[in-house]
Amino acid sequence: MVAMPRTTIVLSTIIFFLFSAHASGSDTGKPKATKLMVEACKKASINNPYNKSITQEFCLSTLQSDNRSAEAKDLRDLVLVTVDIFKSRVTAASGKIKQKLQDAKKGTVAMHVLSYCEMEYEGVVRRLNVCHGLIKDYQGDKSGQQFLHLPDCVDINYNPIIMCWLELPDMPGAEALIKENEELYMLLILNNALLISYDVRD
């Protein structure tokens with residue numbers, strides 16, 4: 001019997017473990033989808049406004065991008081996580097706008113569009129800070145009707161996001177900014193859908 005070279009055995013072992021990890025779908029960077037996350041995303045995929053499709057997969061992927069989702073005790077906790085995700089993404093988008101503004105020449109279309117989007121994004125961040133506090137501090141009442149107003153604190157950001165999206169095509173080389181804006185729009189709808197799901201919770 002011919003003995004296999006030691007290096008071959010070692011490489012075979014490494015490949016086996018790598019394949020096993022990939023096949024099992026393990027990803028230490030993402031939390032596993034909990035029952036709460038799955039149920040919340042299922043409801044959100046049904047209760048989405050604007051007739052825009054928010055899939056359960058998109059919802060879960062968004063939640064799994066933040067480790068706090070796995071520690072959520074109820075839907076309110078999950079909504080607070082998605083509001084934070086939305087806010088951080090808007091903040092990042094605003095930062096990119098500010099960087100491009102430094103190179104934009106005064107009086108150009110680029111300067112106009114970037115300044116407009118910067119103003120809109122900063123307003124969204126301010127409103128989301130207020131929204132986060134309202135959701136976190138909400139105590140509820142016996143009728144449960146008071147919570148019905150909370151989706152509005154997210155929904156009010158619909159027009160600013162859309163108005164920036166309408167302006168961006170006028171700016172040359174804005175493809176990446178447009179794509180990012182569309183992602184913000186999807187996150188806005190997801191947050192609204194989760195809040196509506198909270199309103200119609202069992």
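1. Let's start with the overall make-up: the protein chain has eight helices and zero strands. Reading from the N terminus, the elements go α-α-α-α-α-α-α-α. Keep in mind as you look around that this is a predicted model.

2. Next, the chain as a whole. It has 202 residues, and 40% of them count as buried. If you take the contacts in the protein chain with a separation of 6 or more, residues 24 or more positions apart account for 73% of them.

3. Now pick out helix α2, residues 35-46, and helix α3, residues 56-63. Their axes come within 8 Å and cross at roughly 135°. An angle over 145 degrees would count as roughly antiparallel, and α2 and α3 are therefore oblique to each other. The handedness is worth a look too: α2 passes α3 in a right-handed crossing.

4. Which residues meet where α2 and α3 touch? From α2 come Met37, Val38, Cys41, Lys42 and Ser45, and from α3 come Gln56, Cys59, Leu60 and Leu63.

5. Move along to helix α4, residues 75-103, which packs with α5 at an angle of about 160°, their axes 9 Å apart. Since angles over 145 degrees count as roughly antiparallel, that makes α4 roughly antiparallel to α5. Here α4 passes α5 in a left-handed crossing. The residues of the contact of α4 with α5 divide into 16 nonpolar, five polar and nine charged.

6. One is Lys87, which is found in helix α4. Lys87 and Val124 are 37 residues apart in sequence, yet their C-alpha atoms are 7.9 Å apart in space. Setting aside neighbours within four places in sequence, Lys87 is in contact with Val125, Leu128 and Asn129.

7. The other lysine is Lys100, again in helix α4. Is Lys100 buried or partly exposed? With a relative accessible area of 37%, Lys100 is partly exposed. Beyond its neighbours within four places in sequence, Lys100 is in contact with Leu114, Met171 and Leu177.

8. Over in helix α5, residues 109-137, have a look at Gly123. Gly123 has a relative accessible area of 4% and is buried. The cut-off here is under 20% relative accessible area. The C-alpha atom of Gly123 is separated by 8.1 Å from that of Pro160, although the two residues are 37 apart along the chain.

9. Last stop: Asn181, which has its place in helix α8, residues 175-199. How accessible is Asn181, buried or exposed? At 1% relative accessibility, Asn181 counts as buried. Not counting residues up to four places away in sequence, Asn181 touches Tyr121, Ile161, Cys164, Trp165 and Leu168.

Conventions
Residues are numbered from 1 along each chain as its sequence is written. This is a predicted model: local features need pLDDT of at least 70, side-chain atom pairs count only at pLDDT 80 or more; totals for chains, interfaces and linings use all residues. Side-chain values use heavy atoms; hydrogens and water are left out. Axes are lines fitted to C-alpha atoms, for helices over the stretch in contact, and angles run from 0 to 180 degrees between N-to-C directions. Helices (H or I, at least four residues) and strands (E, at least two) are DSSP runs, numbered from the N terminus. Angles under 35 degrees count as roughly parallel, over 145 as roughly antiparallel, 65 to 115 as roughly perpendicular and the rest as oblique. A crossing is left-handed if the near helix is turned anticlockwise from the far one by less than a right angle, and right-handed if clockwise. Contact means heavy atoms within 4.5 Å. Buried means under 20% relative accessible area, exposed over 50%, partly exposed in between (1.4 Å probe, protein chains only). Ala, Val, Leu, Ile, Met, Phe, Trp, Tyr, Cys and Pro count as nonpolar, Asp, Glu, Lys and Arg as charged, and the others, Gly among them, as polar.
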